[in-house]
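Please consult the sequence and the structure shown here while reading.

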Amino acid sequence: MEFGSATFLFAFLPLLLIAYHLVPGTRGKNACIIFASLLFYAFGDLRHVPVLLGSVVFHYAAGLLLMGLARGRRALLAACVTLDVAALLGFKLAGHLPLGVSFFTFQAISYVTDLYRDRKNGSRNFFEVLQYITFFPQIVSGPLMKFSEIRPYFTRRTAAAAQTASGLRRFTVGLAKKLLLSSAAAGLADAVFALAPGALDIRAAWLGAVCYSLQLYFDFSGYSDMAVGLGRLFGFALPENFRYPYCASSVTDFWRRWHISLSTWFRDYLYIPLGGNRRGRLRTAFNKLAVFLATGLWHGAGLNFILWGLWHGLWSALETLTGAGKKLEKRWYGHVYALLVAVLGFVIFRASGAAQAGGMLAAMFCGFRLTRESGAIFTHLIGAKELFLLALGCVLCTPVAPKLQGALQKRGLYEPVSLMFTLALFALCVLAMVGGSFRPFIYAQF
């Protein structure tokens with residue numbers, strides 16, 4: 001069951017909200033959310049519900065042991081994390097991934113690791129751990145959270161009218177990103193990447209690269225917006241996961257803005273334990289390269305994911321060795337450089353293999369022989385609607401929306417305008433759903 005499906009929008013979510021507000025007490029509401037989360041996961045991947053529940057039981061038991069043991073705690077943590085990583089790699093190598101396995105496994109690793117560092121970060125209440133790992137707004141694609149960040153909401157939270165309205169607005173914006181902007185870019189990106197290498201020219205190659213970058217951004221940031229909005233509906237404050245990454249001034253800055261919760265996870269549980277930036281520039285560069293290699297492997301065992309991770313790792317390491325990251329701040333060419341690295345990297349990420357990635361990159365810079373197949377994409381697939389949505393997507397990659405929101409708030413117009421805007425967006429999304437334009441979320445496959 002997807003957030004953008006009719007089943008979720010018109011049955012699951014409304015019924016859950018009614019039940020949630022009818023059930024008295026925080027414990028009752030927690031039980032309602034746990035049941036809904038397991039039901040949500042079962043709708044999406046019934047076969048692997050035992051994998052999810054097995055992960056919860058395993059990490060809860062490991063947590064109890066870590067809280068009780070005086071000796072051997074490090075060995076237990078190492079064994080637990082090793083088993084997690086081995087299982088995750090096994091699923092990825094097999095190419096048969098349980099829904100959201102990368103995300104709920106990383107949350108589980110953070111639980112036992114934080115508990116090892118401080119026993120106060122654990123819980124003897126099984127249902128708290130169950131709710132943390134299975135929480136339905138974030139189980140498929142995050143954003144990742146630490147147990148210590150979400151735990152306070154298990155005992156005290158509110159879902160006031162203003163918070164509910166804010167959550168519905170945020171959810172609708174994310175839904176529109178997915179159904180309208182990402183879907184429009186996806187059709188063009190798929191058409192370009194489906195072309196044979198000899199049929200690509202410079203026009204189509206750049207179109208495909210830009211469209212896939214837009215597709216991925218609005219797909220994933222749209223999911224994150226929906227997750228944040230859903231969290232607000234039930235009184236939870238989930239962290240922001242994107243901060244206009246295509247406005248970054250360096251590769252380092254890009255990863256402070258893109259998939260923020262994953263970057264933070266790797267910083268806290270891999271980069272800092274490796275030494276972080278405390279052992280000189282050369283060691284810092286090596287640590288960054290190792291982290292980005294792990295980031296690529298987290299996405300998949302395919303060569304394209306490894307190359308994508310190394311691509312970002314090499315540029316980030318070079319910024320550390322040369323000090324270019326800080327020098328590029330507030331320089332226009334820094335933004336061009338960071339955007340170019342990101343777009344070229346996403347070509348590698350999207351490609352079916354190294355050969356297709358090489359062919360796409362070659363066509364982007366050397367494909368001056370125009371082909372009939374590439375021209376057909378511009379003739380038959382790009383109309384006024386597609387041009388408008390692509391242009392709108394490019395504009396919305398910049399922080400124009402917050403500035404507009406601020407201007408409306410100053411004039412006291414934000415609430416009525418946002419209400420009308422949200423209703424109009426939702427109507428457009430329903431029309432898009434009726435038209436059958438919904439595609440599964442890209443990061444659900446990881």
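Which residues does Phe58 touch, not counting residues up to four places away in sequence? They are Cys80, Leu83 and Asp84. The model discussed here is a predicted one. Phe58 is placed in helix 3, which spans residues 49–68. With a relative accessible area of 33%, Phe58 is partly exposed, because that category lies between the limits of under 20% for buried and over 50% for exposed. Phe58 and Ala108 are 50 residues apart along the chain, and their C-alpha atoms are separated by 9.4 Å.

Phe135 and Gly231 are 96 residues apart in sequence, yet their C-alpha atoms are 9.4 Å apart in space.

**Backbone features in loops**

Most residues other than glycine have a negative phi, and most peptide bonds are trans. Gly142 and Pro143 are joined by a cis peptide bond, with omega about 5 degrees. Pro143 is found in the loop between helix 6 and helix 7.

The other two sites have a positive phi. For Tyr244, phi is near 50 degrees, a positive value in a residue that is not glycine. Tyr244 is located in the loop between helix 9 and helix 10 and is partly exposed, at a relative accessible area of 21%. His259 likewise has a positive phi, near 45 degrees. This histidine is placed in the loop between helix 10 and helix 11, and at 1% relative accessibility His259 counts as buried.

**Helix 11**

Is helix 11, residues 260–271, mostly covered or mostly uncovered? Helix 11 is mostly covered, with nine of its twelve residues buried. The buried residues are Ile260, Ser261, Leu262, Ser263, Trp265, Phe266, Asp268, Tyr269 and Tyr271. Among the elements that cover them are helix 5 (101–117), helix 10 (251–257) and helix 12 (281–299).

**The largest nonpolar core**

The largest nonpolar core contains 129 residues, of which Phe3, Phe8, Trp258 and Tyr443 touch the most other members. Helix 9 contributes the largest share of this core, 17 residues. Not counting residues up to four places away in sequence, Phe3 touches a set of residues that includes Phe8, Leu9, Phe40, Phe136, Pro137 and Phe171. Also among the residues touched by Phe3 are Leu175, Tyr223, Met226, Ala227, Leu230 and Phe441.

**Helix packing**

| Helix pair | Crossing angle | Axis separation |
|---|---|---|
| Helix 9 (202–233) and helix 17 (372–380) | about 55 degrees | 8 Å |
| Helix 9 and helix 18 (384–396) | about 60 degrees | 11 Å |
| Helix 8 (161–193) and helix 18 | roughly 120 degrees | within 9 Å |

At an angle of about 55 degrees, helix 9 and helix 17 are therefore oblique to each other. Their contact involves Arg203, Ala204 and Leu207 of helix 9, together with Ser374, Gly375, Ile377 and Phe378 of helix 17. By class, the residues of this contact divide into four nonpolar, two polar and one charged.

Helix 9 also packs on helix 18, at about 60 degrees, and passes helix 18 in a left-handed crossing. Here the contributing residues are Cys211, Leu214 and Phe218 of helix 9 and Leu390, Gly393, Cys394 and Leu396 of helix 18. Six of the residues in this contact are nonpolar, one is polar and none is charged.

The axes of helix 8 and helix 18 cross at roughly 120 degrees, which makes helix 8 oblique to helix 18. Helix 8 passes helix 18 in a left-handed crossing. On the helix 8 side, the contact is made by Leu180, Leu181, Ala184, Ala185 and Leu188. On the helix 18 side, it is made by Leu389, Leu390, Leu392, Gly393 and Leu396. The contact of helix 8 with helix 18 has nine nonpolar residues, one polar residue and no charged residues.

Key
Residues are numbered from 1 along each chain as its sequence is written. This is a predicted model: local features need pLDDT of at least 70, side-chain atom pairs count only at pLDDT 80 or more; totals for chains, interfaces and linings use all residues. Side-chain values use heavy atoms; hydrogens and water are left out. Axes are lines fitted to C-alpha atoms, for helices over the stretch in contact, and angles run from 0 to 180 degrees between N-to-C directions. Helices (H or I, at least four residues) and strands (E, at least two) are DSSP runs, numbered from the N terminus. Angles under 35 degrees count as roughly parallel, over 145 as roughly antiparallel, 65 to 115 as roughly perpendicular and the rest as oblique. Contact means heavy atoms within 4.5 Å. Ala, Val, Leu, Ile, Met, Phe, Trp, Tyr, Cys and Pro count as nonpolar, Asp, Glu, Lys and Arg as charged, and the others, Gly among them, as polar. A nonpolar core is a set of buried Ala, Val, Leu, Ile, Met, Phe, Trp, Tyr and Cys residues joined through side-chain atoms within 4.5 Å. Buried means under 20% relative accessible area, exposed over 50%, partly exposed in between (1.4 Å probe, protein chains only). A crossing is left-handed if the near helix is turned anticlockwise from the far one by less than a right angle, and right-handed if clockwise.
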